Each structure stands twice: as structure tokens, then as C-alpha cells.
Amino acid sequence: MKDSLLTGTRIRPAPENHLGEEVIQAARRRFMGGALIAGAAAVAAPAVAAGGETLDIPDWTRQLGPGVGTYPYGMPSRYEANVQRRESPGLTRTKQSSVSFTPLQSLFGIVTPSGLHFERYHAGLPEIDPAQHRLAIHGLVEQPRVYTMDDLLRLPSESRFHFVECGANTAMEWGNSAVPTVQYTHGMLSCSEYTGVPLKLLLEESGYDRKNGKYLLAEGADGAALTRTVGIDSALDDAMVVYAQNGEMLRPEQGYPLRLLVPGVQGISQVKWLRRLEVGDMPWNTREESLQYADFMPDGRYRQYTWIQEAKSVITTPSGGQVILEKGYHQVTGLAWSGRGRIKRVDVSVDGGRNWREATLQEPVMSKCLTRFRFDWNWDGGPALLQSRAIDETGYVQPQMNQLREVRGTRSIYHNNAIQTWKVAKDGVVTNVQVS
Amino acid sequence: MSRSADSRGAFRRIVLLVIASAAASATLAAGTSPRFGFGKPVSEADLAAWDIDVRPDGKGLPEGSGGVMGGEAIYEAKCASCHGSFGESNEYHVLAGGVGSLKSAHPERTTGSKLNHATTLFDYIHRAMPYNAPQSLTDDEVYALTAYVLYLNDIVGDDLVLDRESLPKLVMPNAEGFYPGVGFMSVDGEPDVKAPACMKNCPMSGEETSSLPESVRGAHGNLALQSRPLGYIRQGESTAEVQAAVAGGGATAVAEVAPETLAEQVGCLACHAVVGTRKLGPSFNEVQARYQAEAGARAMLLAKLEAGGAGNWGEMPMPSVSYLPATDRERLVDWILSTPATGATP
């Protein structure tokens with residue numbers, strides 16, 4: 001068995017409690033000394049990486065592997081099995097109305113693998129037969145219509161990259177630091193290439209009432225028959241009725257076979273399993289825009305129809321719950337996005353927001369889409385407070401936590417787009433903190 | 001009633017408000033013919049089963065009626081198990097209590113205290129409740145349950161009966177408790193928080209105002225097993241934890257799939273059923289039944305998987321699967337030999 005800590009090659013499974021403290025300490029010393037070592041529990045296996053060690057020929061070089069077609073639908077390497085959507089324990093009481101978070105700390109670039117897109121259901125995951133699925137468009141229209149998936153696939157389509165962020169992303173952090181990793185602080189955030197029919201086209205086909213048709217009701221076909229009001233301006237601007245995600249049909253978790261996509265707007269409005277669009281002249285005040293998904297303000301009133309997700313960013317590496325194992329060069333990287341358009345600039349601070357330097361934006365930088373930023377950093381081994389701050393094309397600047405609280409208090413649940421602080425301690429341990 | 005009417009004092013008066021019949025009738029742009037015309041024209045009548053939304057002005061409310069009196073029994077039978085007899089259970093959402101408390105120092109955020117339009121309650125119960133059987137209630141039942149939930153909140157008296165005329169006229173105590181977040185409703189809306197893009201010596205003290213409370217540490221499990229164990233920045237609450245996770249198998253330990261899944265993934269199930277009919281090869285429970293008592297079976301089968309061969313079950317040979325890692329072959333054989341005849345995986 002060929003084991004190496006740094007190459008991640010096969011490590012013999014051994015329960016943690018089989019390791020004595022001295023084994024861990026010894027491994028740590030060797031590790032911190034920069035030597036590339038065999039996994040502590042493995043017996044004297046040569047490592048496979050560079051650094052003055054002898055390279056050996058591993059098993060996989062001496063074998064004929066499984067043939068083509070062994071995995072008709074490919075899966076990530078089994079060594080990637082830690083990279084999963086996860087729930088935050090105790091957050092919800094029922095699996096059917098719950099949420100799982102995207103492991104942002106483990107992802108690269110801007111596209112979220114479809115199987116890792118965060119999940120949020122209100123009545124479990126429906127299994128919809130696309131042949132039986134229908135989309136109805138009616139209300140203030142000249143001719144109500146019902147579309148099959150065949151009809152929708154025949155209409156002219158567009159593909160665009162957009163983020164989807166739940167309005168409650170980072171909700172747990174309004175009052176204080178509450179969860180350990182970026183998966184839980186920011187993981188109700190994903191980004192995909194979506195393909196579908198522009199909603200404008202469907203509305204025009206229906207002969208919608210241009211004078212009085214100010215709002216749309218979107219409804220899902222799941223057991224929650226979830227409904228949200230959408231402003232007609234967003235609908236006519238860049239909204240789409242979407243059937244594909246990252247090159248394949250939508251995943252069931254993301255609304256198979258059809259969902260609404262209103263770019264830049266909070267996740268709850270991106271109604272999944274979309275079955276009905278009704279044009280109307282006033283908002284509906286549905287449960288999901290009054291009893292839930294309304295922002296509780298310091299004066300005891302609720303702010304309603306808070307659609308837009310304002311500019312926000314977060315450093316994903318290094319981030320809470322991680323350990324920086326060596327001093328010296330590390331690339332700081334993270335994500336920035338805005339529901340109002342493109343990201344114009346991202347700044348990074350390593351001293352808790354006192355001084356900032358501009359980060360590099362990774363191309364492509366697209367509207368209402370995740371933008372990856374990167375920042376070269378030499379960790380001197382001392383304490384640091386890492387922050388990132390997004391500025392979008394409207395000039396809006398992502399606020400510090402205290403600036404946000406001054407206006408909105410700490411109880412609004414939704415739309416926490418504050419600057420995130422990660423504290424790096426001398427031992428390299430990174431934790432979630434808030435600073436003023 | 002499940003609760004004596006006067007236990008919470010006098011009934012509130014039902015305040016009626018006549019909402020001016022809303023919305024001028026639609027003026028439809030005339031004569032715009034569709035460019036594609038795909039999909040089928042449909043009548044509003046054909047859409048009736050789906051068109052269930054109810055607006056604050058009452059548009060969409062169905063015929064029928066129901067009152068507090070009738071609502072109690074339905075509530076007890078279909079709702080109380082999850083929401084509590086008084087709507088007090090916080091298992092999911094608290095349905096009752098706290099009315100009038102939102103502006104106080106200790107706001108109680110319940111369905112009743114937040115509700116701004118009774119139509120929303122009707123609409124939601126109608127479309128989504130009971131949770132375990134959505135859209136199973138009759139319209140009369142939904143009217144009755146709406147009345148009853150309002151009654152549990154002391155918003156109405158026990159003699160209330162609701163129908164499409166009266167329901168939208170009810171004024172909720174929190175009717176004025178909502179306002180549109182205009183700045184968030186369009187891309188060029190005015191943001192409520194304006195932060196400067198200060199670059200040097202900004203007014204941040206660096207003082208730590210909050211860190212992860214000790215009490216929630218560990219609540220999210222072993223962080224080291226929630227990220228890939230590669231690189232010089234790894235997940236884990238300490239270097240030792242990172243190390244222990246790697247030594248303990250890191251990803252590998254949790255990566256192990258169930259043997260049946262493995263058999264599926266590597267193609268065994270193309271020729272073998274786990275239980276039942278013979279495909280090209282014997283079903284695995286047949287194999288188990290034949291060899292389970294034999295001492296050398298494990299070694300023999302491992303050798304067969306490595307070398308392949310025919311004769312034990314027929315003319316058709318078992319192909320060599322020596323390309324699979326030895327550990328996988330061992331797991332498969334151990335599983336096959338322990339697969340109970342029922343086929344349930346051990």
C-alpha cells in the first residue's frame with residue numbers, strides 16, 4: 001500500500017482512536033518539517049511525491065483497470081467522498097423542509113457541480129415524469145396556454161451562467177458567529193450554467209396585459225405547491241424558464257424538469273418544479289413572502305418582497321475550520337457576486353478591515369454570476385484577520401457586519417451580506433469570528 | 001371547544017373592512033398574435049384544479065364556507081398532532097400566540113402574530129397542509145380551519161363562519177406590520193446600507209466581538225472529514241485533527257461504498273442477480289447457498305475472480321476481474337458469502 005499524506009494516495013483506514021498521541025505528534029513533526037511522509041498508521045510505505053524520497057511504482061501502474069463503460073454515468077473519485085452537501089444539525093425539524101449546504105471550501109472556479117448544488121425543499125423531493133409535466137400561463141393574458149416539455153424544448157433557448165443564493169444564506173450569523181465552516185456560513189449558494197426559454201418570450205406569446213400585468217405568480221408542482229410573486233420587470237428582463245443545468249437536464253433537487261430562474265433574486269423566487277405562471281396586477285402576499293421570507297426590522301415590522309441579493313463575497317480558502325499547515329506563500333481565494341450585475345472589484349484585508357488591497361478577478365466576470373477572486377499572500381506565521389469586500393458595477397460596497405446591523409438589527413434572518421472575517425491564529429488554525 | 005372561550009378574556013370584535021373591489025378589469029392588448037403559437041390554448045375552466053391561489057383582495061377564494069365550531073374537530077384530527085391542540089407547538093412553526101407582541105422587546109413570531117392577511121392563511125392551508133397530505137382538504141374544511149387558527153389566536157370569536165365574502169374583509173392585528181422593501185425590488189433600487197470603500201487606516205478596531213461559542217464546537221461533526229485531505233490548507237479544528245483524519249483514512253474511510261453498490265459499479269450485476277433468477281452467471285444467493293458451509297470457499301472464489309473460468313455452473317466462463325483492486329475483490333467475495341438467501345445486504 002502506497003501512502004502519502006500530501007498526495008492523498010491510498011491511506012489504510014484505521015479508526016482515529018487507534019492512533020496514540022505520540023503517533024500523531026510524530027506525524028505532525030515530520031509533516032511540519034516539510035518532509036513528505038507516509039500516513040501515520042501505514043507501515044513504512046514509500047511515498048510517491050517529490051522531496052528527496054524514492055519513487056515507487058504504485059499498484060495502479062501495474063494493473064489493467066476497469067474498462068470503458070464501467071461507469072456509464074461517471075462519479076467523482078472515491079477519494080473525493082468527503083466533498084458533499086451537508087445539513088447543519090438542528091437547523092430544521094423535518095428532512096422534507098430542510099436545507100443542505102454546498103461545500104464551497106472544496107470547490108474551484110465558479111461552477112457548482114450539479115450534484116453539489118445546495119438543496120432546499122419545502123415538501124420533499126418530487127419525482128416528476130417530464131412527459132406528464134405541464135406549464136400553464138394564464139391570468140391577465142389574451143390566451144391562456146399550457147405547454148408540454150416538448151413544446152418548451154422547441155422554443156428558442158438561451159444559456160447563461162447565474163448564481164442562486166437562498167435569501168437565508170448566512171442567516172445563522174446575524175447575532176454572532178454560529179457555525180464553523182464556509183459550507184455552513186455561505187453554502188446556500190451555487191452557480192450553474194442554465195438553459196431555457198426567456199420568460200419574456202413566453203409572456204409575449206401569451207399576449208400578456210402590458211398595462212395592468214405588473215406581477216407574476218410562479219407556482220411549483222411539489223407538495224408545497226410553493227408560490228412567489230415576481231415583479232414583471234425582472235420577468236421581462238433576464239428571467240428564464242429553465243430545463244437544463246450544466247449541460248444536462250436539471251437535477252431533481254433543482255427542479256426537474258422545469259424551474260423558474262430570476263437571476264440575482266433570492267432562491268425562494270426561483271420556483272422549482274414550475275407548473276404555473278399567472279399574470280396579475282397586485283402582489284399575492286403568499287406565505288413564502290409574508291409569514292416566511294420577509295425581513296424582520298428593528299421597528300417590529302416586516303420588510304416584504306426583498307428580492308435582490310445584494311453584493312457579497314467570502315474567502316473560501318483559507319476559511320473557518322481549516323488549518324494552514326505551513327508558513328509562506330498561500331493563495332487566498334474566494335467568491336464574489338451581486339444580484340445587481342457584475343462584480344467590479346474585490347478587496348482583501350488581512351488585518352480585520354483596517355487596510356485593504358485589491359484582489360485579482362478571475363475571468364470570466366459575468367452579470368449576476370459568481371466571480372472567483374484570488375490574492376497572493378505570504379503567511380508569516382502570525383495572527384491575521386482575513387476579510388474580503390465586494391463592490392459591484394452599481395458602486396455598491398459590501399458592508400461590515402456592524403454597518404449592516406446599524407440599519408437592520410440582528411433579527412431579520414434574511415439577506416445577511418456582511419463581510420465575513422476568518423481569524424488565523426499563530427498555530428494556523430482558522431476560525432469564524434466577527435470584528436468591529 | 002378545546003379551550004374555553006373566556007379563558008383568554010372577551011372575544012375580539014371582528015373588524016370588517018370593505019375592500020373596494022380591486023383592479024379595474026384587465027385591458028388586454030388586442031390582436032397580438034403569438035409568434036410561435038406552441039403549446040395548447042386552454043380555458044380558465046380547464047385550469048381550475050391548478051388555479052388555487054388566493055390574493056389579499058379575495059380573488060381566487062372558492063365557494064363554500066366553514067366556521068370555528070366545525071374547524072375544531074378537523075384541526076384536532078388533521079393538524080394538532082404536529083402543531084399542538086392550541087397551535088402552540090414549536091416543533092415546526094408556532095401557529096398561535098404572541099399577537100401584538102412584534103413591536104415589544106420580546107416579539108413572539110408566530111403565524112398569528114405575523115399574519116397580515118387572512119387570505120394568506122387560507123391559501124397556504126389549502127395548497128400545502130396537512131403536511132403529510134397536501135391538497136386533501138375540501139374548500140369547506142379550509143374555511144373552517146382558517147377560522148379556527150384565527151380563533152386560536154384570539155383574533156376572532158367562536159361564532160365566526162367564513163366564506164369568500166367575509167374572509168377578505170377580516171382585518172388582521174398585524175395588517176400594517178408589513179411594507180415593501182422597495183430598494184430590493186429592482187436592480188436600480190436604493191440600497192438601505194451604504195458602506196464606504198475605505199482602503200487605508202479604516203475605522204475598524206480589529207476587536208473580536210464574537211467567536212464560535214464553545215457550546216457549538218463539535219456540533220457539526222468532524223470537520224476534517226468534510227473536505228478533501230489534500231493541500232497545505234486543510235479542514236480540521238487543529239493540526240492534530242487534520243493529521244489524525246489523514247492517518248485514519250481521511251476520505252477513504254467514508255468513501256467506501258456498500259458492497260452491492262460496488263458490485264453494480266464494477267459491472268458484476270450485468271451477469272449476476274443478487275437474488276433470484278440466473279442471468280449469465282449464478283445469482284449471488286445461489287453462490288452463497290452452495291458454498292457457505294465449505295471451508296475453502298473464500299480462497300477458491302477469490303482465485304476464480306482473479307483467473308476467471310467456467311464449469312462450476314455451466315459452460316459460460318466467469319471473466320477474470322483481476323483488474324479490480326484486491327481489496328475490492330475481497331469485499332465482494334465476503335459480501336457474496338454472507339449475503340443471506342433473502343438478498344438483504346449484511
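A: Leaving aside residues up to four places away in sequence, B:Gly189 touches A:Arg340, B:Val182 and B:Gly183, where a contact means heavy atoms within 4.5 Å. This is a predicted model, in which local features need pLDDT of at least 70 and side-chain atom pairs count only at pLDDT 80 or more, while totals for chains, interfaces and linings use all residues. Residues are numbered from 1 along each chain as its sequence is written, chains are lettered from A and ligands numbered from 1 in the order in which they are written, and side-chain values use heavy atoms, with hydrogens and water left out.

B:Gly189 sits in the loop that runs between strand E4 (178-180) and strand E5 (208-211) of chain B; helices (H or I, at least four residues) and strands (E, at least two) are DSSP runs, numbered from the N terminus. Its relative accessibility is 14%, so B:Gly189 counts as buried, a word that stands for under 20% relative accessible area, with exposed over 50% and partly exposed in between (1.4 Å probe, protein chains only). From B:Gly189 to B:Leu269 there are 80 residues in sequence and 58 Å in space, C-alpha to C-alpha.

The loop leads on to a sheet with strands from both chains. Strand E5 of chain B belongs to an open, antiparallel sheet of six strands, in the order E19(A)-E18(A)-E22(A)-E23(A)-E24(A)-E5(B), and two strands are said to pair if DSSP finds at least two bridges between them. E5 of chain B and strand E19 (357-358) of chain A are the edge strands, each pairing on one side only. Within this sheet, strand E23 (residues 421-424) and strand E24 (residues 430-435) of chain A are joined in the antiparallel sense by four bridges, and A:Val433 in E24(A) is the residue that A:Thr421 stands opposite.

On the chain B side, B:Phe184, B:Met204 and B:Tyr232 supply 7% of the area buried against chain A, more than any other three residues.

Chain A has six helices and 24 strands, and 63% of its 436 residues count as buried. Of its contacts between residues at least 6 apart in sequence, 70% join residues at least 24 apart. Chain A also holds an open sheet of four strands, E15-E17-E21-E20, with antiparallel pairing. Strand E15 (312-317) and strand E20 (360-361) are at its edges with a single partner strand each, so one side of each has no neighbour in the sheet. Strand E17 (residues 328-337) and strand E21 (residues 371-379) pair in the antiparallel sense over nine bridges, and at one of them A:Ala336 has A:Thr371 as its partner.

Back in chain B, helix H1 (residues 68-78) has B:Val68, B:Gly71, B:Glu72, B:Ile74 and B:Tyr75 as its buried residues. The buried residues of H1(B) pack against strand E2 (65-67), helix H2 (80-83) and helix H5 (139-152) of chain B.

How values were computed
Buried area = accessible area lost by both parts, 1.4 Å probe.
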